Amino acid sequence: MYFFILGSLEVRLSEQRIPVTAPKQRAVLATLLLDANNDVSIDRLTRLVWDGRPPVTAQATIQSYVYRLRQLLRPLPGVELKTSADSYLLQVDPADIDLWRFRELVVAARGRPGLVDLAAGLRQALAVWRGDALAGLPGETLKHEARSLEDERIAAYEQLFSAEISLGNHRQIIAELQRVVSGYPLHEALRAQLMLALYASGRQAEALQHYALIRRQLRDGLGIDPGQELQELHRAILEQVPTSMLTTLTPTSSWWNAR
């Protein structure tokens with residue numbers, strides 16, 4: 001792969017980094033990569049790079065960024081930055097972008113027949129990530145794009161932990177779940193999976209502590225209470241309902257199918 005956006009933006013050739021240093025130039029490249037092999041209008045680029053408030057010199061500045069990017073990317077085989085009257089297109093094999101590789105591996109994992117293979121495939125996909133998507137790039141618009149990518153990462157984690165819990169690997173994944181939850185502390189499904197793994201491992205008190213923590217965080221941060229599914233799991237743990245029965249609580253919720 002040449003292009004890396006699942007973490008800080010990087011361009012590499014044979015493990016050697018190609019420096020793209022100017023923040024807004026990096027934002028231009030990230031935008032072109034997010035829509036690789038499609039025309040990206042100059043208007044869209046200026047709105048993304050300057051968060052909808054471009055200066056009068058924005059078009060000329062974009063042109064200079066693209067000119068420099070074209071020089072930097074020239075050594076990369078099969079990569080071409082094309083220009084038309086009012087847009088740019090980054091021509092690249094999708095396999096040379098880590099986001100495409102992640103998505104390909106997720107699809108492949110979900111097509112595998114058993115939970116063991118599913119979990120292994122999802123771990124391989126998640127290993128492509130090096131940190132927060134588009135980390136360090138300027139602008140609220142790109143931050144919104146990054147949040148959409150993080151949603152894909154969270155969905156893969158949810159499915160991974162559901163498979164592991166279904167396989168009975170509660171104890172083995174607690175540390176990993178704790179690490180992931182620390183990155184997404186208000187995500188109720190991940191928090192529920194951690195509570196369930198702790199409870200199934202005989203750590204009822206810790207599971208209840210995590211519920212108290214997320215209830216406090218939701219109230220302080222968003223002014224809301226935990227959702228119904230999380231409240232039902234809390235009650236079930238208080239009542240010491242057998243783990244195998246928890247799937248009957250909310251049969252429509254995908255992550256409740258883990259046990």
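Reader: How many salt bridges does the structure hold?

Author: Side chains of opposite charge can pair when their charged atoms come close. A salt bridge here is a side-chain nitrogen of Lys or Arg within 4 Å of a carboxyl oxygen of Asp or Glu. The structure holds 11 of them. Do keep in mind that this is a predicted model, where local features need pLDDT of at least 70, side-chain atom pairs count only at pLDDT 80 or more, and totals for chains, interfaces and linings use all residues. Residues are numbered from 1 along each chain as its sequence is written, and side-chain values use heavy atoms, leaving out hydrogens and water.

Reader: Which salt bridge does R17 form, and is R17 buried or exposed?

Author: R17 pairs with E10 at 3.1 Å, N to O. Buried means under 20% relative accessible area, exposed over 50%, and partly exposed in between (1.4 Å probe, protein chains only). R17 is exposed at 58%, while E10 is buried at 10%.

Reader: Where do E152 and R103 lie?

Author: Their side chains meet in a salt bridge of 2.6 Å, N to O. E152 lies in helix 6 and R103 in helix 4, so this pair ties together parts 49 residues apart in sequence. Helices are DSSP runs (H or I, at least four residues), numbered from the N terminus. E152 is partly exposed at 27%, as is R103 at 37%.

Note on methods
Helices (H or I, at least four residues) and strands (E, at least two) are DSSP runs, numbered from the N terminus.
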